[in-house]
Amino acid sequence: MKNRAVFLDRDGTLNVDPGYLADPDKLRLIDGVGEALSRLKALGYKLAVVSNQSGVSRGLIVADQIPRINARLNELLEPFSVRIEHFEMCFLMPDDPASRRKPKPDLIQAAARALDVDISRSFMVGDKASDVRAGRAAGCLGSALVLTGNGAHARRQLSMGEADFIGADLTEVSRWIEAKTASS
């Protein structure tokens, strides 16, 4: 049987979003993220980041900094005995016709192939309407919005029932995923 995963947006979901994070030393985890990811890992989920990073195309982020930022994220997660297993990103602008940006399902689908994941047994979590919509478009079992980062604004952009769950933070969402896992 294929693996299952939690696909996660990065900025505003896992780490504080300073706007176009370009310096690994400025990456700060949101409170409770390490413990929440550890809970999800213990439930048997693979962890993948799927992230729009148009700051590269905008010239605000140097492309070779992205792997360093991702490595810094995993370094900060080490005390929780957890790591992000795969990073899938789109550096293109929203209006670029070749873009794989969320809300398109492309980033989730590519991460699922890389990790041999059954998307229908997996979840998408993010702080933007595009994250929730990407999860739904990909066919995730559940698509959740966190109210950290841009979540409060995104909540107003979503139609009733568009998000399967809305949680204050990743801790609340991880508990919801745990309950959904136990009931399936």
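Start with Ser81: it is exposed, with a relative accessible area of 68%. Exposed here means over 50% relative accessible area, buried means under 20%, and partly exposed is in between, with a 1.4 Å probe and protein chains only.

Before going on, the ground rules. This is a predicted model, where local features need pLDDT of at least 70, side-chain atom pairs count only at pLDDT 80 or more, and totals for chains, interfaces and linings use all residues. Residues are numbered from 1 along each chain as its sequence is written, and side-chain values use heavy atoms, with hydrogens and water left out.

Back to Ser81. Its place is the loop between α2 (65-77) and β3. Helices are DSSP runs of H or I with at least four residues, strands are runs of E with at least two, and the numbering goes from the N terminus. The phi of Ser81 is near 55°, a positive value in a residue other than glycine. Most residues other than glycine have a negative phi, and most peptide bonds are trans.

Tyr20 also has a phi near 55°, positive in a residue other than glycine. Tyr20 sits in the loop between β1 and α1. With a relative accessible area of 39%, Tyr20 is partly exposed.

Next, the peptide bond. Lys102 and Pro103 are joined by a cis peptide bond, with omega about 25°. Pro103 belongs to the loop between β3 and α3. What does Ser130 contact, leaving aside its neighbours within four places in sequence? Asn52, Lys102 and Pro103. Contact means heavy atoms within 4.5 Å. Ser130 itself is in helix α4 (residues 129-138). At 16% relative accessibility, Ser130 counts as buried.

Now the sheet. It is open, with 6 strands in the order β3-β2-β1-β4-β5-β6, and the pairing is parallel. Two strands pair if DSSP finds at least two bridges between them. β3 (86-90) and β6 (165-167) stand at the edges with a single partner strand each, so one side of each has no neighbour in the sheet. From one strand to the next, the twist averages 20°.

Bridge counts. β1 (residues 4-8) and β2 (residues 45-52) share 5 bridges. There, Val6 stands opposite Leu47 in β2. β1 and β4 are joined by 3 bridges, and Phe7 faces Met124 in β4. β4 and β5 (residues 142-146) are joined by 4 bridges. Met124 stands opposite Ser143 in β5.

Look along β4. Phe123 and Val125 point one way, Met124 and Gly126 the other, and all are buried.

Helices on the sheet. α3 (residues 106-115) lies across β1, β2, β3 and β4 (123-126), at about 145° to β2. Axes are lines fitted to C-alpha atoms, for helices over the stretch in contact, and angles run from 0 to 180 degrees between N-to-C directions.

Last, a helix pair. How do α1 (residues 33-42) and α6 (residues 170-183) pack? At an angle of about 15°, with axes 8 Å apart. They are therefore roughly parallel to each other, a label for angles under 35 degrees. The α1 side of the contact is Val33, Ala36, Leu37, Arg39 and Leu40; the α6 side is Leu170, Thr171, Ser174, Arg175, Ile177 and Glu178. These residues divide into 6 nonpolar, 2 polar and 3 charged. Nonpolar means Ala, Val, Leu, Ile, Met, Phe, Trp, Tyr, Cys and Pro; charged means Asp, Glu, Lys and Arg; the others, Gly among them, are polar.

Technical notes: Parallel < 35°, antiparallel > 145°, perpendicular 65-115°, else oblique.
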